Each structure stands twice: as C-alpha cells, then as structure tokens.
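Good morning, and thank you for coming.

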Amino acid sequence: MKAPFSWLKDYVDIDVTAEELAEKLFSCGFEVEEIVYLGEKISRVVVGEVKALTPHPDSDHMQVCVVDCGEEYGREIQIVTGAPNVYVGMKTPVALDNSTVCETNPAMLEKNPDGVKKIKKGKLRGVESFGMLCSGEELGINDDFYAGAEVNGLLDLGKETVVGEDIKKVVGLDDWIFDISVTANRPDCQCIVGIAREVAAVLGKPFKAPDYSYTEQETKEAEIEVEVLAPELCPRYMGHYVENAIGGETPAWMRKRLALSGIRSISPIVDITNFVLLEMGQPMHAFDADELGGRKIVVRRANNGEKIVTLDEKEFSLTENNLVICDGEKPVALAGIMGGLNSEIKPTTKNVYFEAAKFARDSVRKTARALGQSSDSSFRFEKGVDAYTTAYGMARALHLIEELGCGRVTAMKCDVCAVSLEPRKMTASIAKINALLGITVPNAAIEDILTRLEFKPVIDGDILTVEVPGYRDDIDGYPDLAEEIIRMYGYDRLTPTFLEKASVTGGGLTDEQKRENLLKDVLKEQGFLEAYNYSFYSPKDFDLMKLPEDAQERNAITVLNPISEELSVMRTFLCPSMLQNAVRNIRRGNDEGREFELANAYFACELPLKEQPTEKRRLVLGVWGAKCDFFDIKGAVEALAETFHIKLTFVKGGKAFLHPGISANVLLGEKAVGYLGELDPAIALSLGLDKKVYLAELFMDEIYGEADTAVHFTNLPKFPAMERDLALIADEKLTCAEVEEVLLRSSKYVTKARLFDVYRGGQIPEGKKSMAFTLTFTPPADAEKAFTPEVLDGFVKKILGNLKFKLGIELR
Amino acid sequence: MQAKIAKLKAEIEEKLKTRETGRELYELKMYFQSALKEIMSGMKDLAKEDRPAFGKIVNEFKQGMEAEFERYAEIVRKKEMEKKYAAEQVDVTMPGRKYKAGALHPITLVKNQLIDVFAGMGFKVFEGPEIETDYYNFTALNTPEDHPARDMQDTFYLAEKLLLRTQTSAGQIRVMEKQSPPIKILSPGRVFRSDDDATHSPMFHQMEGLVVDKGITLCDLQGMLAEFAKRMFTSSTKVRLRPSYFPFTEPSVEVDLSCSECGGKGCRLCKGTGWIEVLGAGMVNRRVLENCGVDPDVYTGFAFGMGVERIAMLKYGINNIKALFENDVRFLEQFGN
C-alpha cells in the first residue's frame with residue numbers, strides 16, 4: 001500500500017517527521033518497507049525570474065538570460081538557455097551551479113541508472129552560464145502533477161511563486177511516499193483513510209474524516225430498478241443516479257493525488273471513481289446511464305457461454321461461476337473486475353449511474369484468475385471490502401461530484417444489502433486479556449487505546465464492552481482485542497517470563513528419530529557428505545534412468561500447478577536426484593565424492609490421487625570418482641548393516657539404470673530392501689560422464705523394522721584368536737558368498753572368513769580361480785587354553801574336506 | 001703364548017675403535033673368538049702344571065675382551081642411531097595424511113541444534129506427513145477456503161484437497177488431536193511453496209514449536225524466544241516482538257533478533273536496522289484449539305515457526321539459499337566440524 005505523506009496530513013495533524021512516522025507505524029503492525037522522498041534527485045533548484053534576454057552571439061537558437069533567484073542565491077545570475085518559450089518576466093525553475101536534476105537524455109540514462117544529472121557552471125559556445133533553466137521533465141513531473149509540466153521547453157511557474165524558493169516545495173516534490181506492508185487481516189488499511197486512522201491512533205491525534213456530505217435533487221428521469229439475484233456473491237449493491245454530467249478538466253489537487261499513486265487523469269467522473277478507490281478503499285464503477293437498456297440493473301451469475309467485451313476491448317466467454325452486472329438485456333460489467341465497453345463513460349456522457357458494491361472476495365478472485373483479467377478494483381476486492389465502507393465510498397463520490405461541479409446528484413438511488421449493518425457489540429473480560437498477555441495493562445490505557453481505535457469502549461469492573469468499527473471485520477474475540485491493546489501499548493512493555501505456570505514435560509527424540517541420527521553419523525564416519533534434494537523432479541528423469549514403461553517408479557504423484565516440468569513429479573525413488581548431484585559435481589570439477597540423502601519417497605494408493613499417499617523413508621548413496629568401485633558403496637551399506645545388527649545378502653541383479661554385471665539386489669532375509677550398483681555405462685555415456693558413478697538405494701522402513709541399535713557386548717576370550725590363510729582353487733562360477741558360507745559353517749570356531757585376494761591365470765587352470773581367505777579361529781570365552789597349531793591343522797583339514805565335498809574346491 | 005695373547009689384544013683393541021656398525025662388531029667378535037680358540041688349542045702343548053695358570057690368564061683375557069666388546073656395542077649402537085637420525089629426516093611442513101570424514105548438511109546441523117535447545121525445555125519432536133490434506137494445512141488452522149491468508153502462500157496442489165504442506169504448523173493439529181495438554185512439541189520438516197527466485201526455494205524446512213497448557217502468556221513466549229536466541233546465537237542476542245498476522249495465532253508477532261553481525265548498530269546484513277527478522281509466532285488462536293477439541297477457556301498456548309535455512313544462512317553466513325540444495329562437495333565438506 002502506497003501512501004503519500006502529504007495526503008495523510010489531510011486527515012491527521014501529523015507533527016512528526018516521515019522517518020518518525022514510519023517508526024510509529026512499524027511499532028503498531030504496519031511495516032514501512034520503503035520511504036521514497038519524491039525530491040530525492042533534485043537539489044539546489046529554486047524559483048527564478050528572467051529579468052533580461054539577449055541573443056547568444058554564436059548561436060541562432062540560444063539566448064543569454066539574466067535571472068533573479070533572490071537575495072540568497074543571487075539577483076543577477078547569467079544563464080544560457082536554448083528553450084524556445086523563455087520570455088522576460090517568466091518565473092521558471094533554476095538549477096544553480098552544483099545542483100542536481102533528473103537525467104532526461106535516454107542515452108545518458110542507460111549509463112547512469114540513478115538518473116541524476118549534475119549541473120555545474122560552464123561555457124556554452126563561449127558564453128558563461130551559471131546553471132540551467134529547467135523543464136518539468138527535468139524535475140521528473142508531468143501535467144497531472146503540476147499543470148504545464150509537459151510543455152516543450154521551460155516550466156512556466158505561476159506569477160504568485162516567490163523567487164529563491166525551493167522548487168520542491170513549489171511543485172510538491174517535498175513529499176514522501178510510504179510503501180506500507182499491510183497484513184492480510186487488515187484490508188481496511190488498503191487505502192489512505194485506513195492508514196490515516198492508524199496514524200491518528202498511534203499519534204493520539206483526532207482523525208478528521210473526509211467530507212461525505214451532498215444534497216440529493218429531484219429528477220424527472222424514470223427509475224432504474226436494481227435486482228440482486230446472487231446475494232451470496234454480492235452482499236451489498238448500491239447505485240446512485242447523477243445527471244447532467246459534464247466533462248472538462250479535473251482540478252489540479254485531485255490530478256496530483258492520482259499522479260502520486262501513478263494514475264493518469266482521464267475525466268472528472270472516472271477520476272472520482274479512481275480517487276475514491278485510493279482514498280476510501282471502495283472500488284467504484286460509473287456506467288453511462290443512457291446506455292443501460294431497459295432502465296434496469298441485474299446482478300446475477302453469467303449464463304454459460306455468455307460474452308462480454310470489457311473496457312480494454314477484450315472479449316470473454318463466461319460461466320455461471322462469474323458474476324456479472326447486467327442491464328435489462330445484456331452484461332454491462334464483469335462484477336468487481338472491469339466495466340463493459342458498451343456502457344463506458346465517454347466525453348459525451350450525460351447521465352451516470354454510480355455503483356459501489358461489496359462483491360465476495362473469493363468470487364472476484366476466482367473469476368479474475370479464470371479469465372486472466374484483473375484491475376485495481378479486482379485486487380482490492382480480492383483483499384476484502386467491507387459492506388460498511390461501501391456506503392461511505394458512495395457518499396464520498398457524490399460529495400466529490402458536487403465539489404467538482406461535474407454533475408447533479410439526484411435522489412434516484414438504491415441499496416440492496418444482504419448483510420447486517422448493525423454495529424457489533426462485544427464483551428470481554430479484562431482479566432482474561434491480561435492473562436493472555438502476561439502483564440496487567442492499566443484500565444485507563446485500555447480505554448484510551450480502544451477509544452483511539454474507535455471501539456467506543458466501556459469498562460464496568462472486569463467487563464469490557466466495545467462496539468466493533470464497521471470496517472473491522474477481522475475482530476473476532478478477546479484475543480483480537482488483546483492484540484489491539486498490546487500493539488498500541490507496546491510489545492516492549494512485555495516482561496519475559498519462562499513458562500511460570502506450565503507443567504514440567506519430558507522432551508527429546510523418539511527412538512526412531514535417534515536411529516536416524518545414528519544412521520547419519522555412521523555414514524558420516526564412512527566419509528559421506530549429507531545432501532538435501534528437492535522432493536520433486538522431472539518426469540524425464542524416468543526416461544533418463546531407462547525405466548521400463550511398466551516400472552513401479554513411474555506411478556508418481558504429479559503436482560497440479562508445478563513451477564516447471566523439472567519440478568513436477570513427486571519422487572518415487574531417490575536415485576535420480578543423487579545422480580544429478582554426481583553429474584553436477586563432476587561437471588564442476590569435483591572429481592570424487594560420496595554423498596547420501598535420507599528423505600521420503602511418495603506412493604499413491606491410486607492415481608489420479610484421491611487420498612493421502614504413503615510416505616516411505618529412503619536412503620540413497622552416491623559414490624563417484626576415478627578410483628572407486630562397487631565395493632566402496634557396498635562397504636557403506638555393510639557398515640549400516642553392522643550398526644543395525646542385521647544380515648544383508650547381496651544377490652546379483654538390480655535395476656534398469658544399473659550395470660547388469662555390477663549391480664545387486666539387497667535382501668534382508670527374503671525381503672528386498674534395496675539395490676546398489678554401478679550406473680549403467682550407457683547412461684553415463686549419454687550424460688557425458690568420464691567418471692564412474694555408483695548408486696545405492698535402501699528402503700529404510702523395512703530395515704528399521706529389523707534394526708537393533710543396542711550395543712551387544714561379549715567378554716573377550718582369555719586366549720587370542722588365531723589366523724590361517726588358505727589359497728583355494730575354485731570354479732569360476734562360485735561366488736565369494738558361497739565359499740564363505742561353507743567356511744563359516746565347517747567349524748564353530750571360525751568367527752570370520754575374509755577374502756583378501758582373487759587370482760586368475762598362471763598355473764591356475766582355465767575356468768578356475770584362486771581365492772585367498774583369511775580365517776579367524778576364536779577360542780570360546782571359557783576355553784582353558786589357546787588353540788595349538790595341531791588343533792588348528794585339524795580344523796583346517798575338516799574345512800578343506802567340506803570345501804571339496806560341497807563345492808569341489810582344492811587347496812592351491 | 002702370552003705374546004700371542006698380547007698381540008691379539010692389541011689387534012682387537014685397535015680394530016674395535018674403528019667399528020662402525022653392529023655387523024662389523026659382530027664379525028670382529030667372531031674373529032676374536034676363533035683366534036682365542038686357536039690360542040686355547042695350544043694349551044694341550046703345555047706342561048700339565050702350567051695349564052691352570054695359563055687357563056686363568058686366558059680366562060681373564062677373554063672376560064676383559066668381552067667387556068670391551070660390550071662397551072663398544074653400546075658405542076656402536078649410539079653411532080648407528082646417530083646415522084639413522086641423520087638419514088631419516090622429514091619435511092615436517094609437508095601435508096599430513098588423514099582419513100577423510102564426511103559431514104552432515106547444515107540444515108541437519110541447525111535442526112539438531114534447535115532440537116537440542118528445545119528438547120532441554122521439555123519439547124518432544126513430532127514429524128508429520130509432507131503431503132497433507134487441505135484440512136490440516138489450512139482449515140483446521142483457521143484458514144478456511146476463502147480466507148485472505150491463503151493468498152499469502154502459494155500452494156502446490158496434488159489433488160483437490162491434497163497438497164504439499166506449506167507449513168509445519170499442520171503438525172500442531174495432528175498432535176493436539178491425539179494428545180491433551182500439557183503439550184510441548186517441536187515439529188521440524190520439509191515444506192513447499194510455489195516460489196522460486198534468488199531468495200526463495202520451492203522447498204525449504206521449518207521448525208514449528210507449540211506449547212499448550214494452563215496459564216501460558218505472551219510474556220512466556222517472549223521469555224522462551226529470548227532463551228532460544230541466546231543459545232542459538234550469542235548470549236547478547238536480543239529479541240524484539242512486533243505485531244503481525246497469522247490466521248492460527250492471535251495476537252500474532254513477528255520476531256526479530258538483534259543483528260549478530262553488527263550487534264545492533266546497523267550493517268548490510270540487517271539493512272541498517274540492527275534487527276533481523278527470524279521467525280513468526282503468536283498465541284494459539286482459540287478457533288485452532290477448538291478445532292482440536294482443546295477448551296480455549298481452560299488452556300492457552302503459543303506457537304512459533306522458523307525457517308531452518310534462514311537460521312543456517314545467518315549462522316554460517318551462507319549468502320545464497322540455492323547453494324543449500326546444490327550439494328556441491330566443496331560446499332558440504334565445510335560442515336564436517
């Protein structure tokens with residue numbers, strides 16, 4: 001909400017500076033995001049009178065002027081000008097030596113985005129010039145701001161201006177625009193009067209209401225009948241007939257106000273509607289009454305397929321969700337959004353039908369969105385207009401009609417109101433208000449604050465009775481009153497306490513939350529960096545990952561209104577995000593990396609989505625670099641298995657996006673709990689990756705179900721464990737896991753069997769491989785002596801027998 | 001015989017002086033022992049009565065020499081060590097070899113710090129679903145369909161009544177429905193808003209706090225936030241409340257902390273104001289309590305919600321929110337303690 005300082009002063013005697021006012025507004029809930037000083041670019045520019053003119057000796061269009069700028073700046077200043085409209089006796093803005101004005105040369109503006117031009121004394125074709133005579137453009141103003149500002153040449157100031165006076169004061173640039181952030185609960189402050197009421201309250205000054213008076217005169221014209229068929233979308237509709245409208249110029253004061261808000265003057269009638277919107281926050285519309293067919297106004301839902309052409313000459317096809325204002329025959333306005341071209345105010349318009357209404361915010365919003373059509377009026381309705389202000393908006397408009405003398409206010413009017421306009425009375429307990437705040441605000445202060453805010457408070461013992469102002473639809477209960485009181489009383493008067501009356505409660509993390517922290521710590525120890533990715537990605541990722549058409553992962557929930565296709569489907573697995581991380585890192589020259597992300601994947605029970613979907617915890621790991629291989633990522637998965645005391649098995653196989661020879665499904669018992677492997681080299685190639693990428697994804701909900709994070713301690717055996725290395729010749733097809741299983745089962749004392757070397761070729765026959773294992777034999781905790789070499793030999797003999805019998809393995 | 005012994009003695013003593021290594025010393029000892037053996041083999045040529053005297057001489061000679069060898073062993077060890085020390089020099093300024101540990105993401109770090117601060121005050125942690133119903137995200141939070149506040153947040157919809165939660169406040173309702181006061185919960189998590197520019201990310205994290213009990217006041221909210229500010233930032237960090245609006249709290253406040261960069265004097269970080277907007281809070285709206293079956297005439301409460309990224313950015317001086325989601329190794333590594 002933009003509010004000019006000068007305009008606010010119409011309603012409140014403001015005796016503080018703009019900065020002080022901003023501070024005050026901030027403290028009571030209206031953050032001033034920016035204060036713009038209108039004269040920021042202008043300095044040392046004063047009113048001067050041209051006393052003498054002589055032609056420039058070396059130029060046929062320039063003239064040498066002697067300018068009187070008053071006692072302070074000089075009575076006889078020589079300035080050269082090329083302006084054609086200069087004359088002796090002219091009063092015009094003079095930019096003195098070392099002054100600043102607005103840059104108007106487009107080429108210079110490009111180089112100098114500040115838009116400030118410095119003026120210094122200098123010679124123009126050999127003649128000294130001690131400044132510059134200025135145009136309106138050089139002051140940054142237009143005709144609406146100051147009459148005559150758009151004249152080609154110098155700005156001709158009125159005769160009544162005084163030489164030497166600061167030009168900013170003369171043309172109204174000595175003003176500030178407050179850009180105020182208004183919270184959604186205060187639509188009543190989306191206008192100058194609303195802000196002025198707050199200013200009056202916070203400064204403790206009286207609010208001087210605008211003049212709403214006007215006189216109705218008899219009319220001979222036939223009555224215009226008004227019918228509201230959709231009161232749910234139009235709680236209040238007011239109309240008023242104004243005849244003998246005349247065009248002409250809107251007075252300077254109103255044009256300037258509109259200009260301050262960035263609105264150009266069109267005609268007195270149209271300007272009044274815009275002015276009332278700014279001042280009162282009530283959107284107005286004016287129909288050319290002679291264009292209304294059938295002397296009728298009907299407010300109704302549009303018929304499906306009904307058409308309207310709005311003022312900006314756009315045609316819209318409507319539905320029953322759109323509210324329209326119709327005459328006896330056809331739509332003449334898109335309610336609250338824009339009038340129809342068929343009834344617009346023209347310079348020739350004689351009779352005007354003014355409309356002030358409250359249209360339901362939701363209806364206006366939905367229509368504006370659906371049609372892609374909006375206006376200052378629709379923005380205002382979307383924020384919420386109260387039925388109370390509607391009447392004041394209308395009255396103000398009629399008063400201005402009279403004040404501007406641009407029409408005759410008649411007695412022909414209507415007011416169809418479906419809501420109560422009775423003032424709302426509310427009572428509240430002062431003790432409860434104070435209990436909510438935690439301090440005791442003196443009754444006198446409560447009374448004073450609520451009086452200033454126009455709540456008409458009456459305090460009787462503990463009972464506070466107020467009358468809620470008609471424009472305060474947001475006031476709902478005693479906490480709202482508490483807020484009104486404390487925001488004016490001052491939040492800095494609260495005294496911090498620490499839950500003095502509250503019960504003691506036990507806090508902290510649940511076991512599940514602690515387990516997640518443990519998991520993250522384990523991965524951190526394994527050298528992994530934690531990543532956070534968006535929960536949505538592109539449907540193209542499914543194709544990139546070579547997922548078959550019928551893959552489960554393709555059953556993704558889509559965002560109905562995504563920012564872009566890249567962020568349009570909810571993740572069904574996390575690998576694509578991790579792959580993107582790897583790709584981004586490799587492209588940035590981060591040749592090696594290990595990352596993980598723990599996040600949810602989303603699974604719909606059915607698509608399109610009908611009920612809340614399931615969110616499942618997923619862990620994704622990514623490892624990339626020149627030196628890493630499958631076993632780096634597998635090692636991290638194994639580390640997790642150890643922490644959670646679960647036994648995972650790895651079975652060759654995996655996903656479409658993994659290397660078919662270097663990938664595995666992860667099983668916990670019979671249950672699939674994830675997969676891991678090298679990214680399919682074909683995908684790597686298509687992404688232009690020169691590093692290998694390994695991915696793993698684990699289904700944590702399944703794993704958590706079996707996880708045990710307790711510490712299991714075993715007392716150390718009295719005697720040390722012994723190791724034996726065995727080099728075995730095994731069939732090429734045998735897997736490490738198969739050999740390991742036999743090794744571990746062959747003797748209960750074998751506590752570990754670790755493969756440390758695989759060798760092919762040399763003396764190893766074709767189709768065979770040498771596998772070297774280190775076996776660890778641990779004596780039981782209660783053993784009386786250590787294993788002797790002979791005992792170990794016995795174990796090994798038995799193991800070798802089993803290996804040969806079960807797997808056809810020989811000792812090398 | 002004695003001449004032989006004397007000669008051997010002189011020879012060994014001479015050679016001992018020049019031994020440099022244990023090996024040389026060992027070889028000399030071997031030589032000495034074989035020479036001594038040879039001398040002793042001459043004993044059989046002596047008269048029987050002379051043998052004891054000679055034996056004694058040889059024995060003394062042997063013991064004396066062995067002591068000498070012992071003495072020189074020590075000398076040679078020292079010499080050898082000195083050579084070793086001289087030979088084995090490292091450039092201590094060369095880089096060390098370390099095991100590269102991983103790191104937790106700054107969002108996790110801040111989340112854990114926040115949980116730590118509030119868990120100590122008796123808050124339990126609750127995590128609600130990220131895909132929420134319209135009811136939990138809006139309606140129950142006093143934001144019915146045509147409420148102006150719905151415009152404050154650009155919501156991602158998945159179906160007519162299903163959406164990506166725009167705020168962790170949705171979790172408040174789920175907790176209050178199941179649990180009766182006293183309630184102290186903290187609800188961290190991912191939230192989503194259709195906003196993607198230099199300072200906004202379509203996904204970010206919030207941490208919501210809720211206290212509902214008898215006699216909870218706005219002063220309590222301020223006291224708790226003052227404690228939070230001290231523990232998350234510095235002991236001199238101050239808290240300022242100013243009026244604001246959220247549909248689910250009344251009164252609602254915006255909470256500013258004194259700027260950690262300039263201590264409140266005004267700098268670029270705080271845009272010269274000395275204060276930084278950090279979170280929104282307020283007294284839980286009566287209608288919200290009613291929606292959850294909590295009697296608002298018996299219980300009051302407060303709620304606060306903050307952006308985790310915002311706190312992380314303030315704490316670590318991260319200047320771009322997008323960097324938090326790029327997962328660049330060079331970025332993440334810096335949070336490994």
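Let me begin with a definition: two strands are said to pair if DSSP finds at least two bridges between them. Helices (H or I, at least four residues) and strands (E, at least two) are themselves DSSP runs, numbered from the N terminus.

What you see is a predicted model, in which local features need pLDDT of at least 70 and side-chain atom pairs count only at pLDDT 80 or more, while totals for chains, interfaces and linings use all residues. Residues are numbered from 1 along each chain as its sequence is written, and chains are lettered from A and ligands numbered from 1 in the order in which they are written.

In chain A, please look at an open sheet of three strands, whose order is β1-β11-β2 with antiparallel pairing. Its edge strands, each pairing on one side only, are β1 (2-4) and β2 (31-37) of chain A. On average, neighbouring strands here are turned by 25 degrees against each other, direction ignored; axes are lines fitted to C-alpha atoms, for helices over the stretch in contact, and angles run from 0 to 180 degrees between N-to-C directions.

Between β2(A) and β11(A), residues 176-181, there are six bridges in the antiparallel sense. Ile35(A) is placed opposite Phe178(A) of β11(A). Which helix packs on the sheet? Helix α2 of chain A (residues 18-27) does, touching β2 and β11 of chain A, and its direction makes about 165 degrees with that of β2(A).

Turning to chain A as a whole, we find 22 helices and 38 strands. Its radius of gyration, taken over C-alpha atoms, is 42 Å, whereas a compact globule of 812 residues would have one near 28 Å, by the rule of 2.2 Å times the number of residues to the power 0.38.

Next, chain B. An automatic or database assignment sets the domain bounds, giving domain 1 (2-87) and domain 2 (106-335). The C-alpha centres of these two domains of chain B lie 89 Å apart.

Finally, the contact between the chains. With residues counted as in contact if their C-beta atoms, placed from the backbone, lie within 7 Å, chain B contributes 72 residues and chain A 78 residues. Helix α7 of chain B (residues 218-232) supplies the largest share of the chain B side, eight residues. As for confidence, the predictor gives the complex an ipTM of 0.86 and a pTM of 0.85.

Definitions and conventions
Two residues are in contact if their C-beta atoms, placed from the backbone, lie within 7 Å.
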